[in-house]
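Trainee: Could you go through this one with me before I set anything up?
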Amino acid sequence: MFAIEGKGVGPKRFLAPFMSATQYDFWARQLGSTSSWDRCFARVLSRVEEANNTITLRLAPNKNFDGFLTGQHANLTVVINGVRITRSYSFSSTPNKHGWVEFTVSRDPAGLMSRWLFDHAHPGTVLEIDSSFGDMTASTFTDKPLTLLAAGSGITPLMALLREQVEQGMPRPITLVYWVRATDLLCFQRELTEIARNFKDFNVHTVITSEAPNQRISAAQLGELGVDIGGSQVLVCGGNEFVEQARICTVKDAYSFHAEAFTPPKAMAVNEQEQRFTIELTASGRSVEISNQHTLLEALEQQGVAVSSGCRMGICNTCSCMKTSGITNNIDSKAGDADSNSQIRLCVTRAASNLQLAL
């Protein structure tokens, strides 16, 4: 029975009178299957070391997987010490006929999820994958040249997009500039060298910031590397500071500019004096007191309130919920939102009054 891994309505129709979706999923896990009533579970097929503290995991999702576009992200979920932990990761692979997907993960000493994946995700391990999201895809490409600017693990979605262009025969000139702190952190070196050897319209430059005289991206640095931004489609991925600096030094001359940051935007300064507010959680009937010095997600987690989250930087909307009363501030804006019955993203929002949330 649990060998059935598809979405087919037949098995569900016959089983529905006898078990719930939760029971089905439980017994599927007990029998070692990734089958699920309606959730997407995926088994790790392989694990490859890409660089120091960086691995690529190849996963086989069950047939509930909705697919993805090259350059997108998905939330991965695992249970750590009895708690469901969800974080967002970029696909490093392109869609393929075999159905497997790949994620390239760098171990962050402060990252609970990345440490768990690095230490525990081996062939046979089962993870959960949510629907894909993100709009940095080839759907926006024109015939103009591409300039890809990657910092650290920002290489992941850009590498996927590069691989897609290779599969299509490199239909447009591409330049990749890749910044890392040290040489042993460079990912995909052999593959990038091979692509450059096979396609004359592809150029790759690496910047080792611990050795470079100019560590931060700048127009002067790009000029020294021989990178011509003029009229190109610029795609940027890295930390928020890198993305903003890349915007400053390229957007004026670029044909188009598209960026994604894997760290939150720099938050506006919190109020000098701490204020505490009461949050009524209308769905659970709980009431908690929190500080305005933290985002709502952080504050609720500190109070032991389990909240689904993913990217934790306002992109994936996993922590989005309905605010039915009160005033909130976005972390990168001084404007207060006093509208009732409005959707807020808990990871980038602070309380500015007592609140009611549909949690």
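This is a predicted model: local features need pLDDT of at least 70, side-chain atom pairs count only at pLDDT 80 or more; totals for chains, interfaces and linings use all residues.

Trainee: How many salt bridges does the structure hold?
Mentor: The structure holds 11 salt bridges, and among them is one between glutamate 128 and arginine 39, whose closest N and O atoms are 2.8 Å apart. That pair links distant parts of the chain, since glutamate 128 belongs to strand β6 (residues 126-129) while arginine 39 sits in the loop between α2 (21-30) and β1 (41-51), 89 residues apart.

Trainee: And which network is glutamate 128 part of?
Mentor: Arg39, Arg84 and Glu128 are linked in a network of salt bridges, with the side chains of glutamate 128 and arginine 84 meeting at 3.1 Å, N to O. Arginine 84 lies in strand β4 (residues 83-90) and glutamate 128 in strand β6, so this pair ties together parts that are 44 residues apart in sequence.

Trainee: Is glutamate 128 buried or exposed?
Mentor: Glutamate 128 counts as buried because its relative accessible area is 6%, and the cut-off for that label is under 20%. Arginine 39 is partly exposed at 31%, and arginine 84 is partly exposed at 48%.

Trainee: Which residue does arginine 163 bridge to?
Mentor: Arginine 163 forms a salt bridge with glutamate 191, the closest N and O atoms being 2.6 Å apart; glutamate 191 is in helix α5 (residues 189-198) and arginine 163 in helix α4, 28 residues apart. Here the arginine is buried, with a relative accessible area of 16%, whereas glutamate 191 is partly exposed at 29%.

Trainee: What does its side chain meet instead, then?
Mentor: The side chains of arginine 172 and glutamine 165 are joined by a polar contact of 2.5 Å. Leaving aside residues up to four places away in sequence, arginine 172 also touches several others, including Phe141, Thr142, Leu146 and Gln233.

Trainee: Last one, what is the strand order in the open sheet of 5 strands?
Mentor: The order is β13-β12-β19-β14-β17, with mixed pairing, and the edge strands, each pairing on one side only, are β13 (286-291) and β17 (342-345). The twist averages 40° from one strand to the next. Strand β12 (residues 276-281) pairs with β13 in the antiparallel sense over 6 bridges, and serine 287 in β13 is the bridge partner of glutamate 280.

Conventions
Residues are numbered from 1 along each chain as its sequence is written. Side-chain values use heavy atoms; hydrogens and water are left out. Two strands pair if DSSP finds at least two bridges between them. Helices (H or I, at least four residues) and strands (E, at least two) are DSSP runs, numbered from the N terminus. Axes are lines fitted to C-alpha atoms, for helices over the stretch in contact, and angles run from 0 to 180 degrees between N-to-C directions. A polar contact is a pair of N or O atoms within 3.5 Å; within protein, one must be able to donate a hydrogen and the other to accept it, and residues adjacent in sequence count only if both atoms are side-chain atoms. Contact means heavy atoms within 4.5 Å. A salt bridge is a side-chain nitrogen of Lys or Arg within 4 Å of a carboxyl oxygen of Asp or Glu. Buried means under 20% relative accessible area, exposed over 50%, partly exposed in between (1.4 Å probe, protein chains only).
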